[in-house]
Amino acid sequence: MASRVPNLVFNNGRKMPIIGLGTWNSPPGEVARAVGDAIDIGYRHIDGAHLYLNEHEVGQGLNSKIQEGVVKREDMFITSKLWNSSHDTAYVRAAIDRTLKDLNTPYLDLYLIHWPMAYQPGGDPFPKDDKGDIIYSFVDFVDTWKEMEKAVDEGLIKSIGVSNFNKRQLEKLVANCRIKPVINQFECHPYLTQKRLSEFCKSIDVAVTAYAPLGSPTRPWVTSDDPVLLEDPKILSLSTKYNKTAAQVLIRYQIQRGHSVIPKSVTKGRIQSNFEVFDFELTSDDMALIDTFDCNGRACPQAEGRNHPEWPFNDEY
């Protein structure tokens with residue numbers, strides 16, 4: 001099954017499987033099994049981050065399959081992310097070392113700046129003042145990036161990229177970096193199609209990973225008034241047309257846009273189903289129809305960073 005998965009080819013020539021298992025908001029105690037199930041099914045791309053607080057479980061699942069002989073480490077593509085409270089240059093290397101230790105791996109295939117805005121460095125991922133407001137740091141993300149470049153030089157990371165960067169921030173980084181970012185990972189689904197940002201990334205040879213491709217229905221701050229993408233009648237109509245699940249239609253939509261996609265699940269049946277998206281193709285008319293669902297429906301606004309000057313959603317795209 002793994003051999004059926006197309007790869008994205010980065011601007012440095014390295015390759016990443018176009019579909020991966022997302023691990024954000026996965027229930028504690030279930031992640032190692034989910035990673036193991038995904039590898040058995042054929043996934044070779046696992047997306048994680050320090051902030052998800054489950055990298056030790058990802059490492060357990062990964063290494064159990066390596067020990068069983070199901071895969072070798074070089075068969076796998078493992079992504080992690082640098083959290084906001086580790087942007088200051090003195091903290092970057094320690095954050096990388098911590099992730100490598102938690103994953104029990106000698107290197108990462110991809111490491112991303114999780115968000116462009118920095119928080120006060122230290123042990124608290126969401127440091128707050130006595131009013132309950134996030135305490136920011138104003139370190140330049142270009143300086144953070146230069147520390148990540150050093151980790152590439154040392155062989156600890158194969159490729160580096162960003163997440164949640166807007167057009168202006170990407171332009172600034174590309175103009176000032178020694179190693180160009182290979183990818184921008186951002187929220188993308190039919191309610192938030194991100195057409196302009198996606199096209200801009202492609203124009204500068206930066207690949208795209210779509211997170212929350214199913215609309216992040218289990219996000220902690222969801223309300224009963226929020227629309228549920230997986231239950232949208234228009235998506236369900238396409239699901240019926242293609243005899244596929246709504247999730248499969250949404251994943252296929254991203255793949256046909258040339259995006260890598262990282263749906264999250266810890267349920268083996270859904271992990272399997274989400275992977276079965278290479279035996280059908282949406283028509284161009286149906287792709288265009290899905291594009292019309294866009295309503296700027298952002299599910300993951302990172303509201304805690306709203307007052308930081310590098311909060312990415314102040315810009316047009």
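Reply: Start with exposure: a residue is buried under 20% relative accessible area, exposed over 50%, and partly exposed in between (1.4 Å probe, protein chains only). This is a predicted model, where local features need pLDDT of at least 70, side-chain atom pairs count only at pLDDT 80 or more, and totals for chains, interfaces and linings use all residues. Residues are numbered from 1 along each chain as its sequence is written, and side-chain values use heavy atoms, without hydrogens and water.

Me: Which residues of helix H10 are buried?

Reply: Helices (H or I, at least four residues) and strands (E, at least two) are DSSP runs, numbered from the N terminus. H10 spans residues 284-291, and its Asp286, Met287 and Ile290 are buried. Their arc around the axis is only 105 degrees, so they sit on the same side of H10. That arc is taken from the directions from the helix axis to the C-beta atoms. On the other side of H10, Ser284 and Asp285 are exposed.

Me: Which helices do the buried residues of H10 pack against?

Reply: They pack against helix H7 (233-242) and helix H8 (246-256). Contact means heavy atoms within 4.5 Å.

Me: How do I read a pair of packed helices, and what is the angle for H1 and H9?

Reply: Two packed helices are described by the angle between their axes and the distance between the axes. Axes are lines fitted to C-alpha atoms, for helices over the stretch in contact, and angles run from 0 to 180 degrees between N-to-C directions. H1 (residues 31-41) and H9 (residues 268-275) pack at about 40 degrees, their axes 10 Å apart. H1 and H9 are therefore oblique to each other. The classes are roughly parallel under 35 degrees, roughly antiparallel over 145, roughly perpendicular from 65 to 115, and oblique for the rest.

Me: Which residues of H1 and H9 make the contact?

Reply: H1 brings Ala34, Asp37, Ala38 and Ile41, while H9 brings Lys268, Ile271, Gln272 and Phe275. By class, five are nonpolar, one is polar and two are charged. Here Ala, Val, Leu, Ile, Met, Phe, Trp, Tyr, Cys and Pro count as nonpolar, Asp, Glu, Lys and Arg as charged, and the others, Gly among them, as polar.

Me: Are H5 and H6 roughly parallel or roughly perpendicular?

Reply: H5 (residues 167-176) and H6 (residues 195-203) pack at about 15 degrees, with axes 10 Å apart. They are therefore roughly parallel. Lys167, Leu170 and Glu171 of H5 touch Leu197, Phe200 and Cys201 of H6. That contact has four nonpolar, no polar and two charged residues.

Me: Phi next. What is phi of Asn25?

Reply: Most residues other than glycine have a negative phi. Phi of Asn25 is near 65 degrees, a positive value. Asn25 is in the loop between strand S3 (21-22) and H1. With a relative accessible area of 27%, Asn25 is partly exposed. Asn243 also has a positive phi, near 55 degrees. Asn243 lies in the loop between H7 and H8. At 70% relative accessible area, Asn243 is exposed.

Me: Last one: where does Tyr91 lie?

Reply: Tyr91 lies in helix H3 (residues 89-103). Its relative accessibility is 35%, so Tyr91 counts as partly exposed. Leaving aside neighbours within four places in sequence, Tyr91 is in contact with Ser86, Pro121 and Gly122. Asp226 is 135 residues from Tyr91 along the chain, and their C-alpha atoms are separated by 38 Å.
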